[in-house]
Amino acid sequence: MAAVRETVETVGEVEKYKYGFSTDIESEKAPLGLTEDTVRFISAKKNEPAWLLEWRLAAFRRWLTMTEPTWAKVTYPPIDFQDAYYYSAPKQQAKLDSLDQVDPKLLETYEKLGIPLTEQKMLAGVAVDAVFDSVSVVTTFKEKLAEAGVIFCPMSEAVAKHPELVKKYLGSVVPTSDNFYATLNSAVFSEGSFVYIPEGVRCPMELSTYFRINEKQTGQFERTLIIAEKGSCVSYLEGCTAPQRDENQLHAAVVELVALDDAEIKYSTVQNWFPGDEEGKGGVYNFVTKRGDCRGANSKISWTQVETGSAITWKYPSCILRGDNSRGEFYSIAISNGHQQVDSGTKMIHLGRNTTSRIISKGISAGKSSNTYRGLVSVHRKAENVRNFTQCDSLLIGSKCSAHTVPYVETKNPTAVLEHEATTSKISDDQLFYCMQRGIGEEEAVALIVNGFCRDVLQQLPMEFAVEAQKLVGISLEGSVG
Amino acid sequence: MNEVMTEKAAQNFIDAYESARTVLPGADGWLARRRAAAIEAFAGAGLPHRRLEEWKYTDLRQTLDKAGFAPAPEHKGAVVLPETASASAFSALDRHVLVFVNGRYRADLSKAARLPKGVELRGLADVLTEQWAKDLLERRFDEARQAEQVVDLNTALMSDGMCLRIRKGVKLDKPVHLLFFAADDGASHTRNLVLLEEGAEGTILESHVGEAASFADIVTDVVLGNGARLDHVKLQDESANAVHLATLRGEVGAEARLSSFTLTLGCGVSRGQSFIRFAGEGAEAQVNGAYALRATQHADQFCVVDHAVPRCASNTVFKGVLDGQSEGVFQGKVIVRPDAQKTDGRQMTQALLLSRDAAMNAKPELEIYADDVQCAHGSTVGELSKDALFYLRSRGIPEAEARRLLVLAFLDDVIALAPHEEAREILRGLVSGWFEEASI
């Protein structure tokens with residue numbers, strides 16, 4: 001198997017990306033390329049009802065008429081969409097009854113990644129849905145969640161068990177025709193998490209999904225749907241890694257959040273897909289559509305993201321503030337090093353009265369990378385008393401990197417109060433000198449200063465993630481000084 | 001259907017070029033070839049429209065299609081300026097004055113006598129044989145070529161303009177005032193050329209007035225030599241049926257300083273674009289402006305400052321007051337090229353919405369490829385502060401008066417950035433007058 005050649009051994013050499021190994025596990029794939037048959041194949045594999053197949057096919061036909069967006073400040077060779085596998089699943093003999101029957105190799109992989117899947121090893125309180133290539137491997141803590149009435153399961157299971165909910169909400173925030181990659185995702189999405197929090201329930205634990213691309217030449221197209229009923233509350237974490245390969249892999253996910261009256265959703269991401277090697281070879285193309293809909297009054301959606309991986313990131317987690325008094329938040333740290341290219345930001349669409357939003361974006365570019373913040377704050381005519389605060393700061397480390405800020409502000413209502421500010425600078429020599437003079441090494445000092453620069457955002461992360469993210473910030477910048 | 005519609009205005013310009021080709025200035029020389037190439041490029045690209053990112057908020061193609069401007073006729077004989085404050089704005093100042101009617105220079109109405117030695121001030125047709133004018137006309141000002149489309153149109157059809165050359169070390173004794181008056185309906189294309197050689201200094205005042213349904217297409221190319229200094233104050237107060245398209249392209253040499261200020265009060269649709277590029281270290285550029293709009297007016301300010309070399313400073317501040325159903329646009333970009341270390345780039349846009357139906361779109365961009373720089377931008381939109389209003393009213397100031405004070409104060413700190421002291425006072429008076437007429 002080709003995958004074996006470039007596996008565990010190489011990890012030792014390149015410490016920077018410690019998730020770069022791949023797992024030698026037999027898998028079942030869809031035929032190479034993308035045709036209507038591929039879509040049918042995926043749908044059949046998942047035993048999907050006819051309406052969903054139709055939904056996928058409609059998206060696929062639409063996709064054929066669309067062209068790739070080119071407005072982002074990223075450059076890459078054209079993607080051959082026919083030279084990829086759109087479905088890959090670890091082969092398993094029979095249906096599983098319990099965790100013990102999961103392929104031990106798989107479990108080992110997740111252990112290496114630091115995700116304790118087995119319940120015994122769980123720290124209290126994080127339920128994990130792990131997605132390996134295209135299928136969800138296991139979902140932990142199911143019973144405890146079920147007691148509270150929370151549904152947390154792989155998307156395919158939700159389609160089978162709760163078709164009415166899926167039918168009602170799927171595509172209601174990100175329609176199949178939304179954009180090139182979202183449409184592609186609608187046609188071929190294979191897995192993802194489904195979360196439903198019933199009325200008035202505070203989800204008893206943090207929910208978490210772990211995504212991993214393992215198979216060579218495969219794309220990952222997961223679709224996550226979170227519905228928070230009236231008065232409910234949930235915090236959701238997402239983490240991603242991929243093996244180190246010298247080809248580019250495509251990740252085109254769609255995340256839809258729906259918050260009804262008084263509901264609150266907090267969505268945190270630590271994205272650490274393989275960023276490519278020192279020469280910029282390989283790495284994941286992370287083209288993701290994430291959108292939250294504050295459909296009910298007094299609802300709140302908060303996005304927090306730490307973006308350290310991927311060769312190219314194209315991602316704009318957004319909030320549609322439809323309900324009166326609803327609130328949207330976006331906290332982001334985007335770190336780029338080496339040859340990475342990041343074009344990320346958010347959209348805050350104010351439709352309802354008294355809606356508020358807050359955007360804090362920290363971009364750090366090092367090496368030869370390019371880091372762009374692109375955001376939109378839009379206030380519609382009927383949205384009274386809107387309040388927005390935007391702050392995007394960029395930090396440049398080294399003279400070969402670049403940082404760009406492209407904020408759009410559109411107002412059609414005079415009662416809106418919108419503020420935007422942005423700065424770009426480098427780490428001051430004084431700060432660096434101060435640290436080094438006290439015996440802190442240069443790299444460590446940079447990590448320390450950067451952590452301080454990102455503090456506003458790091459504070460927003462759930463505890464367990466915050467610690468990891470801080471370390472990640474340091475690791476991502478290794479080799480960027482001197 | 002749509003395609004046919006969109007080509008209408010562009011076709012009008014192409015036809016205008018064909019019929020005027022032989023009588024345009026420079027028809028027998030190198031410029032004829034340059035014009036032919038420009039009109040060909042323009043025909044290929046057409047007029048800019050919303051699908052182009054730089055024109056996202058202003059659809060020039062649609063505007064001009066709807067208005068259907070024919071070429072403005074040459075106006076001969078006496079001219080009566082409207083009795084507005086804007087029309088007589090700079091008349092009290094001691095100045096050289098050049099009058100353009102329907103975009104054409106009128107020597108009989110102008111007064112620019114006894115210029116200091118080393119200052120040349122002439123019409124476009126008179127300088128075409130000179131190398132410096134040729135250099136300016138063929139210079140590529142913005143590498144991104146963002147202005148190209150509309151500049152091509154201007155190059156093909158430019159019929160007149162002011163050409164100012166100030167020789168090394170010479171200071172212009174008093175401001176040059178360019179008074180553009182639209183007496184009749186129609187389109188005019190003006191090209192101004194400004195060359196300030198090393199250490200030269202000068203001030204240009206520019207006013208655009210008229211009650212006609214006119215389309216003014218003005219391109220001003222400025223080259224400042226090392227240590228040169230140019231102050232530029234522009235006032236635009238044309239009629240509600242008028243469309244104004246002004247492009248300022250500047251190249252600023254080492255230690256030179258360009259300071260430009262625009263007050264926009266008139267026109268149904270106006271677009272003012274500035275493309276400033278630093279060519280030498282230690283230079284400075286100020287590109288500022290204020291606008292006050294009402295009814296269905298639409299004003300778009302577009303500004304790109306290109307820090308191509310190290311140690312330059314730029315500052316851009318635009319503030320606007322929007323009443324009625326008016327719409328304001330600010331699009332700015334600061335580019336810091338690799339190696340342009342020690343750059344200081346600042347950008348600020350603020351808008352005050354006075355009515356329920358007014359709208360504002362802002363897009364201040366930073367594009368930075370060097371690390372040792374200080375760059376910042378800010379953008380705010382809002383209505384008059386209720387607290388401030390209450391404060392004033394609680395001290396016995398009637399609401400209308402309180403609003404006036406606050407609006408004028410809001411605009412005052414950007415007008416303070418206008419370079420010429422007496423001109424600054426005149427602009428203050430105009431803004432205050434605008435407010436008297438407004439029904440707010």
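Tutor: A residue counts as buried if 20 or more other C-beta atoms lie within 10 Å of its own, as exposed if 12 or fewer do, and as partly exposed in between. The model is predicted. Where the chains meet, 30 residues of chain B are in contact with 28 residues of chain A. On the side of chain B that touches chain A, β18 (359-368) and β19 (374-382) of chain B each supply at least two residues. The largest share, 10 residues, comes from β18(B). By kind, the residues on this side of chain B divide into 15 nonpolar, 8 polar and 7 charged. Strand β23 of chain A, residues 402-411, runs antiparallel to β18(B), and 6 bridges join the two. Within β18(B), B:Met360 stands opposite A:Thr411.

As for individual residues, B:Glu7 belongs to helix α1 (residues 2-20) of chain B. B:Glu7 is partly exposed because it has 16 C-beta neighbours inside 10 Å. From B:Glu7 to B:Asp65 the C-alpha distance is 8.0 Å, although 58 residues separate them in sequence.

Most residues other than glycine have a negative phi. A:Asn298, however, has a positive phi near 60°, and lies in the loop between β13 (283-294) and β14 (300-307) of chain A. A:Asn298 is buried because 20 other C-beta atoms lie within 10 Å. The phi of B:Ala295 is also positive, near 50°. This residue, B:Ala295, is found in the loop between β13 (284-293) and β14 (298-307) of chain B, and is exposed because it has 10 C-beta neighbours inside 10 Å.

How values were computed: Residues numbered from 1 in each chain as written. Chains lettered and ligands numbered in written order. Predicted model: local features only at pLDDT ≥ 70, side-chain atom pairs only at ≥ 80, totals over all residues. Contact = placed C-beta atoms within 7 Å. Helix = DSSP H or I, 4+ residues; strand = E, 2+ residues; numbered from the N terminus. Nonpolar A, V, L, I, M, F, W, Y, C, P; charged D, E, K, R; others polar. Pairing = 2+ DSSP bridges.
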